[in-house]
Amino acid sequence: MSSTDRPGEVTAPVGRSFRRFRHALRLRSLGAEPGGARLERMRSSPHFRDGAFRNERPIDGLDVTDYLPLLRESLNREARARRHPARPVPVRRPDLTLPPVTGLRITWMGHATVLVEIDGLRVLFDPVWGTRCSPVGFAGPRRLHPVPLPLGDVGPVDAVVISHDHYDHLDLPTIRALVGTRTRFCVPLGVGAHLERWGVPTSRIDELDWYESTRVKDVEFTATPAQHCCGRGVRRRALSLWASWVVAGPEHRVHHTGDTGYFPGFARIGERYGPFDLSMIQIGAYSRLWPDIHMTPEEGVRAHRDLRGGVLLPIHWATFDLAPHPWEEPAERILRAAAEHDIPLAVPRPGEVFEPGMPLGGLPADTWWRECARGPAATPSRRTAEPAADAAEKPVVVDPVVERTGDPRGPAAPTGTV
């Protein structure tokens with residue numbers, strides 16, 4: 001029998017299969033739409049206007065005329081190759097068995113995922129262990145290096161902090177792996193709907209508006225403004241909030257920007273909550289086509305100074321191909337911009353551990369990415385700066401798993417859906 005009874009009509013079995021597939025996507029990777037008491041609370045927020053969350057100031061989005069140059073850049077074979085490393089990215093397997101010497105230890109796992117051990121608490125920011133940042137497991141940006149450590153080997157996590165609900169920051173397989181733990185989830189307004197749909201108990205979700213705080217033991221978590229957007233599906237634009245985060249313990253405090261464009265709010269955050277021992281600053285996935293929602297490295301340095309940050313850790317680069325710039329360009333540009341302002345910079349390999357309070361000579365600062373890049377430092381894709389000047393290079397240590405497989409993406413990890 002044909003798959004259609006009449007032209008244009010799908011038979012019942014095919015129709016049911018399509019509906020099941022669509023339903024599965026809606027229930028899982030797309031999360032859930034907020035409703036009930038959660039939606040009422042969102043509507044009472046001063047940042048929720050005309051049916052959606054808004055930034056402090058209007059931002060420019062992609063216009064129809066922007067898609068042609070974006071498509072042209074995407075189809076350029078040479079430019080596309082430059083967006084990936086030519087050789088395996090050196091990944092370290094961190095040893096987290098002993099407590100930090102100074103009370104503050106940082107492990108960058110790649111992209112925006114950072115494990116922060118602060119004053120006896122273990123905090124995981126924007127954890128993404130999936131192979132792709134995508135609603136499906138067979139398409140979408142694929143990881144460019146392996147995760148440094150299996151999630152199960154990270155050890156107990158007291159709190160997970162989510163900046164917003166985009167796929168490269170809120171990862172379904174990772175969240176579902178954490179459901180069976182005792183970790184608390186600190187998230188912006190509306191994001192709790194996704195977590196509850198994926199099995200996280202309501203009692204373990206702290207859902208905050210900007211400038212609201214919660215405590216986990218002796219450490220305070222505060223959602224602070226960012227300039228970005230949200231959405232895991234076309235129909236859910238701006239129905240959850242985005243945030244940067246302040247995490248302050250009795251002895252140390254850190255800031256994580258999440259995804260954001262540069263905006264004056266950083267100075268207000270610095271005045272109110274700074275200074276910070278460490279700021280984790282988004283520096284990658286920028287483009288002239290979306291200047292208001294992702295910072296360039298130079299803007300990241302400006303934000304770090306506004307925040308009254310101590311050590312600067314660049315994040316949101318090296319792990320996924322999300323923008324037209326060359327893979328290594330964010331690191332080159334942040335190297336020069338930080339040097340111009342005499343800012344202590346830590347640029348660790350994925351999985352490399354450091355403590356900001358140790359002598360400055362102990363910060364990971366060698367130019368390891370140059371061993372992986374496809375060519376010399378690229379001409380910046382935005383007008384604001386040029387690539388950094390050459391610096392002394394040190395030997396690169398490649399993770400044994402990468403040496404064994406020869407694949408810069410490493411062994412298979414959970415896919416974008418479960």
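Which residues touch the most other members in the largest nonpolar core? They are Val116, Phe125, Phe221, Trp245, Val254, Met280 and Trp317, out of 73 residues in that core. Keep in mind that this is a predicted model, where local features need pLDDT of at least 70, side-chain atom pairs count only at pLDDT 80 or more, and totals for chains, interfaces and linings use all residues. Residues are numbered from 1 along each chain as its sequence is written, and side-chain values use heavy atoms, with hydrogens and water left out.

**The cores**

- A nonpolar core here is a set of buried Ala, Val, Leu, Ile, Met, Phe, Trp, Tyr and Cys residues joined through side-chain atoms within 4.5 Å.
- Buried means under 20% relative accessible area, exposed means over 50%, and partly exposed is in between (1.4 Å probe, protein chains only).
- In the core of 73 residues, α9 gives the most, with 5 residues.
- There's also a second, separate core of 22 residues, and Ile162, Ile175, Leu178 and Val187 are among them.

**Helix α9**

- Helices (H or I, at least four residues) and strands (E, at least two) are DSSP runs, numbered from the N terminus.
- Helix α9 covers residues 329–340, and its 12 residues reach 17 Å from first C-alpha to last, close to the 16 Å expected (1.5 Å times one less than the number of residues).
- Since 9 of its 12 residues are buried, α9 is largely enclosed by the rest of the structure.
- The buried ones include Ile334, Leu335, Ala337 and Ala338, but also Glu329 and Arg333.
- These buried residues pack against α8 (297–307) and β14 (309–315), where contact means heavy atoms within 4.5 Å.
- Just after α9, aspartate 342 takes a positive phi of about 55 degrees.

**The sheet**

- An open sheet is built from 7 strands in the order β8-β7-β6-β5-β4-β3-β15, with mixed pairing.
- β8 (205–208) and β15 (353–354) sit at the edges with a single partner strand each, so one side of each has no neighbour in the sheet.
- Strands pair if DSSP finds at least two bridges between them; β6 (residues 159–161) and β7 (residues 184–188) do so in the parallel sense over 3 bridges.
- Within that pair, alanine 159 stands opposite arginine 184 in β7.

**Asparagine 55**

- You'll find asparagine 55 in the loop between β2 (52–53) and α3 (67–75).
- Asparagine 55 counts as buried because its relative accessibility is 10%.
- Its side chain makes a polar contact of 2.9 Å with the side chain of tryptophan 242 (a pair of N or O atoms within 3.5 Å; within protein, one must be able to donate a hydrogen and the other to accept it, and residues adjacent in sequence count only if both atoms are side-chain atoms).
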